[in-house]
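User: Could you take a close look at one helix-helix packing in this model and walk me through it?

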Amino acid sequence: MRLAATGGRERAEEHAQQILDLERVLHLDIEHAVNHAVVEIDWLRNFFDFYYTSFHFLVPLTVLGLLYWRRPVDYRWARASLGFATLLALLGFWLYPLTPPRLMPNLGIIDTVHGVQDFSKPDYGTLTALTNQYAAMPSLHFGWSLWCGVVIAIIAPKLWMKALGLLHPLFTAAAIVATGNHWVLDAVGGALVVAAGFGLTHLFQGPRARTTMAAAPVTEGAPVVPHQAASPERAERPERSEKERA
């Protein structure tokens, strides 16, 4: 669906101009300034290029893999929210094809990852036929990174882990703007589809299940085994008495 939703270059550039005009009204049109500032600092440019190209798939897959292995109940909740967010993003690509800043004529944005491109026929090697250059709104780079940050912040047991998880969407937001791949409002769109993904998951699956500690007394030195909290519906149903079961 993402590949099919090209929409045409002319339409995508019209949408990009709409986004740029709105950002100017909101004083959010920082893409050119940030891009050119980063280009002047080699190590920072290399850092953002590496971050943009390396962590988009790696971090979400790692989070899902760890949840599948260690927290299967949370895995189902997290997987559903990510799935809903991604489906909504694909719908956005279909309805609103958008030229990224690096392909916008006369804007002067430098493509730090792939170098100077022909706006009419951008070439990214073998990836050219596998990517849709106008699938920019919403930004799945930022959306997926925000999903990772939220999931880690909710589930991670230690404060430093939560903080590290929340740094990921911040670095990603900086990377997508610095490399010229997204508008600031693309990140806003990514945040909206992630919020909607969590909302739809809550609507269809109910609240996220919580792990609680068993209330039964244990022998000193024996391990305390966590168990999954009962669902609200199950909690409302009293257990049948021995006479009723007889």
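Analyst: Happy to! Helix α3 (residues 42–70) packs against helix α6 (residues 159–178) at an angle of about 125°, and their axes lie 9 Å apart. Here axes are lines fitted to C-alpha atoms, for helices over the stretch in contact, with angles running from 0 to 180 degrees between N-to-C directions; helices are DSSP runs of H or I with at least four residues, numbered from the N terminus. That angle makes α3 oblique to α6 (under 35 degrees is roughly parallel, over 145 roughly antiparallel, 65 to 115 roughly perpendicular, and the rest oblique). The crossing of α3 past α6 is left-handed, meaning that the near helix is turned anticlockwise from the far one by less than a right angle.

On the α3 side the contact (heavy atoms within 4.5 Å) includes Phe47, Phe48 and Tyr51, while α6 contributes His168, Phe171 and Thr172, among others.

This is a predicted model: local features need pLDDT of at least 70, side-chain atom pairs count only at pLDDT 80 or more, and totals for chains, interfaces and linings use all residues. Residues are numbered from 1 along each chain as its sequence is written, and side-chain values use heavy atoms, with hydrogens and water left out.

Now for histidine 168, which sits in α6. Its relative accessible area is 8%, so histidine 168 is buried (under 20%; exposed is over 50%, partly exposed in between, with a 1.4 Å probe and protein chains only). Beyond its neighbours within four places in sequence, histidine 168 touches Tyr51, Phe55, Val59, Ser145 and Cys148. Serine 145 is 23 residues away along the chain, yet the two C-alpha atoms are separated by 6.2 Å.

Key. Helices (H or I, at least four residues) and strands (E, at least two) are DSSP runs, numbered from the N terminus.
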